[in-house]
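User: Please examine the structure shown below and answer some questions on its packing and its domains.
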Amino acid sequence: MKLQLKNTFINELPADANLENTRRQVENAVYSFVTPKKTANPKVLHVSQEMAAELGILEEETGTEFFKNIVTGNEVYPATKPFAMCYAGHQFGNWAGQLGDGRAINLFEIEHQNKNWKVQLKGAGETPYSRTADGLAVLRSSIREYLCSEAMFHLGVPTTRALSLSLSGDQVLRDVLYDGNPAYEKGAIVARTTPSFLRFGNYEIFAARKDLKNLQILLDYTLKQHFPQIGSPSKESYIQLFKAVSENTLDMIVHWQRVGFVHGVMNTDNMSILGLTIDYGPYGWLEDFDFGWTPNTTDHQNKRYRYGNQPNMGLWNLYQLANALYPIIEDAKPLETVLNQYKIDFEHKSLQMMQSKLGLQLVEENDLSLIQDLEEILQLTPTDMTIFFRLLSNFSADTVGLKMVEQAFYNLKDLTGTIKSRWNHWFDKYRARLQKETQSQQQRKNKMDAINPKYVLRNYMAQLAIDTADKKDYALINELFELLKKPYSEQPEKEKWFAKRPDWAKNKIGCSMLSCSS
Ligand code: AMP
Ligand code: MG
């Protein structure tokens, strides 16, 4: 396995001078060198061959001892120097100070086919940023990150990706419910990849420490490596950089809203500077459409990161980034302009996104009220978001709307009285609206089916894969991985996954409720 290595990150950014792996505050540095921990009995469970190919790794190479040792941290690839990154963050609205890669270790940087990739292990042992925790990850959360990040990629949602999922062979102690009942679980390691793991928190930490020198070094690196189209460093370039980050962040969140993904922990340390979905923890997929839903039990009180609040939280996070960049830009006005534009763009882009989900190609004045009406009615009685929108593309002038989407309702008996009449009324309006369209029904269906997924990683599906993997049966991981490579395609032999959440999963830990414990 011969990798085309590149070292922009460690060559151009300042390293921590201290080489000891002790937990501490790290100043004047973007990262600290650290070696992954050797593990008891590593075993590769799954490899994303698409991702391996992107890195220039051949399929037969992914089956070797060497590959296994690299992606589990048991061997360091020749001429590379693994490191953990230093960042801070606002967690649930509060400043949390230094956080950093507490259990992520960056292995190396690869340049293949003109694309630059950073490869990182999650769960490969402690780092100077591990604070009070162990630097490890368990199998359940690793399966969730592995499957979901690749599924999101195939859905067309900006995301970090995954190369491999492995068992470490070590046991890891976790108190899943934080109720004083810790138990041992299987340790696991995900190798994940992206052009950049930089987060808003990487910039915030220097601003908080008034270390403008390193803030500027990091900003210049970001410009040069990730936004070369903006041009050379200047105050104007930094403003343009912020604008690009704002636009990318909004685009990502509009995609989340489109597919019904709820991140669960939108803290600024989990916000990528490239606008990629990063750090898959207690995320979840909407089953019944509900703006108020969050899967994260840690956020149950305030529901700060609920589905309907994600766009606002993206903006809140961008305010924190703006504050971090202000000492360099020294002019609040252009930053405010960008933030105000986010709000305007959000209205516009989310309307466009919903129009496309409904198959509306022309823009009509009343589309917004048609959409708002639908969002309200969808929440009157539990209605499966994925199934509803997927079935909607079958609508035609002579269809009985409610009958057509019957499969989406969790309690069919709710469909009486005002709920039923509101639905019928809505379908009448939809029918009338579609008559204004010039595209054929088939054209509309094709377009709708290309943006309303048929298959997503429903919460219970990930849990089934976890439960079977716990019993050493890994077949379901592969089945779901393959299914989710084509989320928009009809896959008749996989139709069983186009189904509502089963009753057993309604209130089950890991399905509808997830903690940050991972
Ligand atoms: P998260 O909310 O999962 O993104 O994590 C927040 C912070 O906690 C990050 O700095 C993580 O690196 C750190 N962290 C989470 N779990 C662990 C762990 N098991 N060991 C060390 N650090 C951790
Ligand atoms: Mg994180």
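User: Against which helices do the buried residues of helix 14 pack?

Analyst: This is a predicted model, in which local features need pLDDT of at least 70, side-chain atom pairs count only at pLDDT 80 or more, and totals for chains, interfaces and linings use all residues. Residues are numbered from 1 along each chain as its sequence is written, and side-chain values use heavy atoms, without hydrogens and water. Helices are DSSP runs of H or I with at least four residues, numbered from the N terminus, and buried means under 20% relative accessible area with a 1.4 Å probe, protein chains only. The buried residues of helix 14 pack against helix 9 (332–357), helix 11 (385–392) and helix 13 (417–435).

User: Which residues of helix 14 are buried, and why do they line one face?

Analyst: Helix 14 spans residues 441–449, and its buried residues are R444, M448 and D449. Because these buried residues fall within an arc of 125° seen down the axis (directions from the helix axis to the C-beta atoms), they line one face of helix 14.

User: Which residues form the salt bridge between domain 1 and domain 3?

Analyst: The domain assignment, automatic or from a database, gives domain 1 (5–197) and domain 3 (363–518) among its domains. The count between domain 1 and domain 3 is 1 salt bridge, meaning a side-chain nitrogen of Lys or Arg within 4 Å of a carboxyl oxygen of Asp or Glu. With the closest N and O atoms 2.7 Å apart, the partners are E50 and K485.

Terms used: Chains lettered and ligands numbered in written order. Buried < 20%, exposed > 50% of the residue type's maximum accessible area, 1.4 Å probe, protein only. Helix = DSSP H or I, 4+ residues; strand = E, 2+ residues; numbered from the N terminus. Contact = heavy atoms within 4.5 Å.
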